[in-house]
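Hi,

Here is the model I promised to pass on. My notes on it follow below the structure.

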Amino acid sequence: MSLWEYANPRKFMALSGAVLPFAAAGTAIALVVGLAWGFFFTPEDYRQGSTVKIIYIHVPSAMVAINCWLMMLVASLVWLIRRHHVSALAAKAAAPIGATMTVIALATGAIWGQPMWGTWWAWDPRLTSFLVLFLFYLGYMALWAAVDNPDTAAELTSVLCIVGSVFAVLSRYALVFWNQGLHQGASLSLDKEENVADVFYWPLLIAIAGFVGLFVTLLLVRTRTEVRARRLQALMARERMG
Amino acid sequence: MEVRVEDLAIVRGGLRVLEGVSFRLPSARALVLRGPNGIGKTTLLRTLAGLQPADAGRVVPGPDAMAYASHADGIKATLSVEENLRFWARLHGTASITAALRDFNLETLAERPAGSLSAGQKRRLGLARMAVTGRAVWLFDEPTISLDADSVALFAAAVGRHLEVGGSAVIATHIDLGLAGADVLDLAPYKAAPPEHGHDFHEAFL
Amino acid sequence: MMALIARDLALSVRAGGGFGLALAFFLIVVTLTPFAVGPESATLSTIAAGILWLGALLACLLSLDRILALDYEDGALELLATAPIPLEGVAAAKALAHWITTGLPLTLAAPAFGVLLNLPAPGYVWLTLSLAIGTPALSVIGTFGAALTVGLKRGGLLLSLIVLPLYVPTLIFGAEVARRGAEGQGLAGLSTPFALLGGITLATIALLPFASAAAIRINLR
């Protein structure tokens, strides 16, 4: 049995329906544990005080915001190459989640940045990249909303997603060139020396798992809605043909 | 050049409208498409012209042998009649437009901006474009809309001349053009059945 | 393809073709800038290079929906798709015609507008060069946006929303060249953004017509 079988909407609905409660429960546990541990059971940073705790929302949401676009890129390619409808609908369903995560990352970044850097907003390359990423999400969603025919919309948005990905990466490097920023380097990496301190590490990891779970859960729910909407359209079209 | 259409299925708005369409059109013959509104005449012509992919079946020769005239003529109002026609001729690598101007009685209008033409005159200009494409198979979608009786005769004569030199034409029309060598194809029998389960990917949602 | 470029140029200079609108818009942006930021020549000269780039970019954006929409409405785009030249060629020719009628005049007018904004003397050469090299990318990217939105009734605003994020890298490198030039940095100081700007333009010219043609094909279906 091949993986592609789940691209069939009916199989997808059956599987996703079965997985959804577990995904939701796992997400809830990871979020509660990660955030509670992070907020209440970690020491305050000796320089940043309690402000550092926003890291448990800021970093996970930022990671999801970027990887959501990657997921949309893969889904778009799958749609263009193998023409699986669920793939196109999943990309459509993911965009608002990604956009929301981008806004959360920007907002928490501003709240964190105010006491740290003394300003709500700075044209730091990473902040600016997120703003640009948000614009990409907006354009992508607007194109989906503007095209009537769902298959045409899927194709056009897929093309936009692929071209947009190239330009998003280009923008990222252009922005680094444009202004060397305030941000610290990577907070998490395999190289232990560069990591945040251990006490922050585990709750952060769990919070990230929670956000990824949240993304997956929301994505499943939204994709199921899109599949149902398409099913409704197909039924109505059949009705018209009589 | 013979046109062969085999078991063609065409899609409009994500649903099959026609299936199992098959016909042969030898050179020097014309085929008149008939059928009620919405049966898919325009979609069939667009599929033949290569503007949209067929859902199944095949068409020989490919779109490179077809010239397509839709409802819209692509006429630029600020260019003169001659400039409009010469543009399409250059695009198709045809040297001369005099024959096309003559055939559709546009010689006296050649210098006029196309925007000042009447609807019928514009239509004639749009049809004259077919003559400068140099292609063997002409596809017409309701070509006689807004043409008067004389112009219809002019059009029929032009198509007749095209057939005489070995070309062919597929024409979706409801009026009798009086063409010698025209066959009629009624599309109603090819109307696609409403989709059943597991039929093709659109029904994956049903 | 030459026929198509020639026709588009003829159409744009005739009545209602919109030639010169972008230039007038550019002039208006340049005129309004001092009203917004104040008339001090020191302020103006620091922001002149950036404002001129931004103004040129917005002026370019203004005419994008004419690239394909008119041909779509009157059926010419459909006929072009059945013509013997590939649709990729059509997209490239359309972008070139747009650049000749928009990007080129903007580039040539920019030094004159630079005087109005008190652009420092060493900036003129680099402003003109960066626009000359950067504006073709704006036309090609814009054609892609126009191709995506060509089937839509009111695609204008959506077109801007889609195209503007794609303009970010071009604007950054283009304006950087002009800015560093205005600061008096010679070739040594601005060769990196200059090369990157040229690279973006060449890459978009080479690749984006394929994406544009794909989008047009989808929209014509």
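Helix H2 of chain A (residues 55–82) has 28 residues, which at 1.5 Å a residue should span 40 Å, and its end C-alpha atoms are 39 Å apart, so the two agree. (The expected span is 1.5 Å times one less than the number of residues; helices are DSSP runs of H or I, at least four residues, numbered from the N terminus.) Just after H2(A), A:Arg83 takes a positive phi of about 55°.

Some housekeeping: residues are numbered from 1 along each chain as its sequence is written, while chains are lettered from A and ligands numbered from 1 in the order in which they are written. This is a predicted model, so local features need pLDDT of at least 70 and side-chain atom pairs count only at pLDDT 80 or more, whereas totals for chains, interfaces and linings use all residues.

On confidence (pLDDT, the predictor's per-residue score from 0 to 100), chain C has a mean of 90, with 99% of its residues at 70 or more. The predictor gives the complex an ipTM of 0.88 and a pTM of 0.89.

Now the A–C interface: 21 residues of chain A are in contact with 19 of chain C (contact: C-beta atoms, placed from the backbone, within 7 Å). H5(A) gives the largest share of chain A's side, twelve residues. That side divides into 17 nonpolar, three polar and one charged (nonpolar: Ala, Val, Leu, Ile, Met, Phe, Trp, Tyr, Cys and Pro; charged: Asp, Glu, Lys and Arg; polar: the others, Gly among them).

Finally, not counting residues up to four places away in sequence, C:Leu52 touches C:Ala110, C:Phe113, C:Gly114, C:Leu117, C:Leu127 and C:Ala178.

Cheers

Conventions:
Two residues are in contact if their C-beta atoms, placed from the backbone, lie within 7 Å. Helices (H or I, at least four residues) and strands (E, at least two) are DSSP runs, numbered from the N terminus.
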